[in-house]
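Here is a short report on one protein model. Keep the structure open beside the text and find each part as it comes up.

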Amino acid sequence: MSELVGPVEIVGTGLLGTSIGLACRRAGLEVLLSDSSPEHVRTASGLGAGRPRTDDDRPQLVVVAVPPDHLGTVIATALRETDAVVTDVGSVKSGPLSAVAGEPRAHRYVGSHPMAGSERSGPLAGSGSLFDGRPWAITPHTGSDPDAVELVEELVRLCGAVPVWLTPAEHDRAVARTSHVPHLLASLVAARLADGPENHLALSGQGVRDVTRVAAGDPRLYGQIVSANAEAVLALLGEVRTELDRVIDAVGSGDRTALQGMLEQGVAGTQAIPGKHGGPVRPMRSVWVSVPDHPGELARLLADAVASEVNIEDIRIDHDPGRPVGLVELVVEERRAEHLLTSLESRDWVTHR
Ligand SMILES: NC(=O)c1ccc[n+]([C@@H]2O[C@H](COP(=O)([O-])OP(=O)(O)OC[C@H]3O[C@@H](n4cnc5c(N)ncnc54)[C@H](O)[C@@H]3O)[C@@H](O)[C@H]2O)c1
Ligand SMILES: O=C(O)C(=O)C[C@]1(C(=O)O)C=C[C@@H](O)C=C1
């Protein structure tokens with residue numbers, strides 16, 4: 001049984017690399033940082049994600065967190081220049097594997113992919129709690145050393161994530177469905193807003209923000225991700241095209257039954273997404289609270305929610321700078337929502353039922 005004692009080297013100190021560095025430091029491991037941008041290494045070090053790697057360092061585990069186009073080269077270099085186990089966190093797994101397959105050192109390589117991130121890039125977007133409770137795919141290849149797989153599993157658990165084992169090919173089909181096609185469709189919807197008249201855009205509510213958030217991600221990064229998974233993405237885009245034609249027909253002909261059938265499939269899709277911790281979906285409900293735009297009010301609301309002994313599963317803040325009051329959405333288990341509402345109201349919060 002291999003034990004992760006460090007040092008852990010992180011190549012690529014952007015959003016993902018810095019977040020992993022912070023999580024490893026939190027667990028007391030020594031973390032070595034490198035990046036083609038010295039400025040990113042400086043920033044990540046300053047944030048407490050580790051220290052710059054030197055030539056004398058001997059990492060136990062190398063985590064490659066560079067953009068997809070560079071993964072293969074950087075993984076191969078790490079295998080050649082160290083004795084370490086090497087993993088990467090790239091969003092597509094077949095490409096990096098084919099870059100090292102057949103190499104004598106490939107037994108030390110185990111691919112992985114945390115299903116956590118953000119529409120932001122770079123070290124300043126990093127967070128040590130990014131992976132808490134999130135699925136993190138581990139995708140060993142047939143030649144992966146079992147000790148190397150165990151070490152990567154330890155990294156995943158140490159970062160607070162939940163390991164999910166898949167083959168590289170199955171992983172790529174899975175993320176085409178859960179990440180890459182959703183991203184493309186979010187971009188298509190968001191693009192319809194770019195030149196929208198101002199008085200139309202003034203009516204942007206939470207719905208359009210929910211549907212388009214990921215579309216703000218770096219186009220260069222997502223261009224590389226989607227291109228690297230073209231086959232699986234294309235198969236699903238073909239399905240979407242067929243369905244889009246059906247929607248156009250149903251709306252155009254006023255076929256309410258067909259339209260409703262399509263919307264019902266959408267409801268079924270949202271219900272198929274597992275709960276945050278990987279278990280079955282627990283019904284959730286949003287509790288809306290008005291929060292005055294004064295320093296400390298949000299902290300007071302959260303303290304009152306904690307005092308109500310209700311677990312907050314998610315929180316969103318809708319704050320229009322022109323308004324003196326922000327609207328905070330607390331997402332809680334449905335069965336606890338009424339208790340939270342009553343408890344907050346008894347503490348003089350204005351809720352929206
Ligand atoms: N953004 C997400 O939500 C997310 C989530 C899971 C996995 N990923 C994957 O993680 C990887 C990193 O993504 P990110 O969002 O952290 O990107 P990022 O742009 O924030 O960081 C990438 C870092 O890699 C550095 N870099 C680029 N080429 C390099 C090279 N050849 N050698 C060393 N450093 C190099 C860049 O300077 C940058 O600091 C990608 O492969 C991506 O597919 C991203
Ligand atoms: O939460 C987000 O912002 C993300 O887009 C994260 C997300 C995802 O689609 O779930 C994006 C790409 C990664 O490869 C993994 C995770």
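A residue counts as near a molecule if its C-beta atom, placed from the backbone, lies within 6 Å of it. The model described here is predicted.

## Around ligand 2

Start with ligand 2. Its shell consists of Ser-91, Met-115, Ala-116, Gly-117, Ser-118, Glu-119, Ser-179 and Val-214. Sorted by type, the shell around ligand 2 has three nonpolar residues, four polar ones and one charged one.

## Around ligand 1

Now turn to ligand 1. It is surrounded by 29 residues, and the closest are Gly-12, Gly-14, Leu-16, Ser-91 and Gly-117. Two or more residues of this shell come from each of helix 1 (15-26), helix 3 (68-81), strand 6 (111-114) and helix 9 (219-228). Which helix gives the most to the shell around ligand 1? The answer is helix 3, with four residues.

The shell around ligand 1 holds 13 nonpolar residues, 15 polar ones and one charged one.

## The nonpolar cores

The largest nonpolar core has 49 residues. Which of them touch the most other members? They are Val-63, Val-64, Ala-65, Ile-75, Ala-78, Val-86 and Val-152.

Take a look at Ala-78. Set aside its neighbours within four places in sequence, and Ala-78 is in contact with Val-11, Val-62, Val-64, Ala-84 and Val-86. There is also a second, separate core. It has eleven residues, including Leu-301, Val-328, Val-332 and Leu-344.

Next come the sheets. Strands of a sheet pair through backbone hydrogen bonds, either parallel or antiparallel. One open sheet has three strands in the order 6-7-8, and its pairing is mixed. Strand 6 and strand 8 (162-165) are the edge strands, each pairing on one side only. On average, neighbouring strands of this sheet are turned by 25° against each other, direction ignored.

How many bridges join strand 6 to strand 7? There are four, and the two strands run antiparallel. Strand 7 covers residues 135-139. In this pairing, Gly-111 stands opposite Thr-139 in strand 7. Helix 5 (residues 146-158) packs on the sheet and touches strand 6, strand 7 and strand 8. The direction of helix 5 makes about 170° with that of strand 7.

Another open sheet has four strands in the order 10-11-9-12, with antiparallel pairing. Its edge strands are strand 10 (314-318) and strand 12 (350-352), and each pairs on one side only. Neighbouring strands of this sheet are turned by 25° against each other on average, direction ignored.

Nine bridges join strand 9 (residues 284-292) to strand 11 (residues 325-333). These two strands run antiparallel. Find two facing pairs between them: Ser-286 stands opposite Val-331 in strand 11, and Val-291 stands opposite Gly-326 in strand 11. Helix 12 (residues 297-307) packs on the sheet, touching strand 9 and strand 11. The direction of helix 12 makes about 140° with that of strand 9.

Strand 10 is joined to strand 11 by five bridges, and these strands also run antiparallel. Here Ile-315 stands opposite Leu-330 in strand 11.

Glu-313 lies in the loop between helix 12 and strand 10. Why does Glu-313 count as partly exposed? Because it has 16 C-beta neighbours inside 10 Å, and partly exposed is the class between 12 or fewer for exposed and 20 or more for buried. Glu-313 and Leu-330 are 17 residues apart along the chain, with their C-alpha atoms separated by 7.6 Å.

Glu-39 has its place in helix 2 (residues 38-46). Glu-39 counts as exposed, because it has 11 C-beta neighbours inside 10 Å. In sequence, Glu-39 and Pro-123 are 84 residues apart; in space they are 9.7 Å apart, C-alpha to C-alpha.

Glu-198 belongs to helix 7 (residues 198-201). Is Glu-198 buried or exposed? Glu-198 is exposed, because 6 other C-beta atoms lie within 10 Å. Glu-198 and Leu-188 are ten residues apart in sequence and 19 Å apart in space, C-alpha to C-alpha.

Note on methods. Residues are numbered from 1 along each chain as its sequence is written. Chains are lettered from A and ligands numbered from 1 in the order in which they are written. This is a predicted model: local features need pLDDT of at least 70, side-chain atom pairs count only at pLDDT 80 or more; totals for chains, interfaces and linings use all residues. Ala, Val, Leu, Ile, Met, Phe, Trp, Tyr, Cys and Pro count as nonpolar, Asp, Glu, Lys and Arg as charged, and the others, Gly among them, as polar. A nonpolar core is a set of buried Ala, Val, Leu, Ile, Met, Phe, Trp, Tyr and Cys residues joined through C-beta atoms within 7 Å. Two residues are in contact if their C-beta atoms, placed from the backbone, lie within 7 Å. Two strands pair if DSSP finds at least two bridges between them. Axes are lines fitted to C-alpha atoms, for helices over the stretch in contact, and angles run from 0 to 180 degrees between N-to-C directions.
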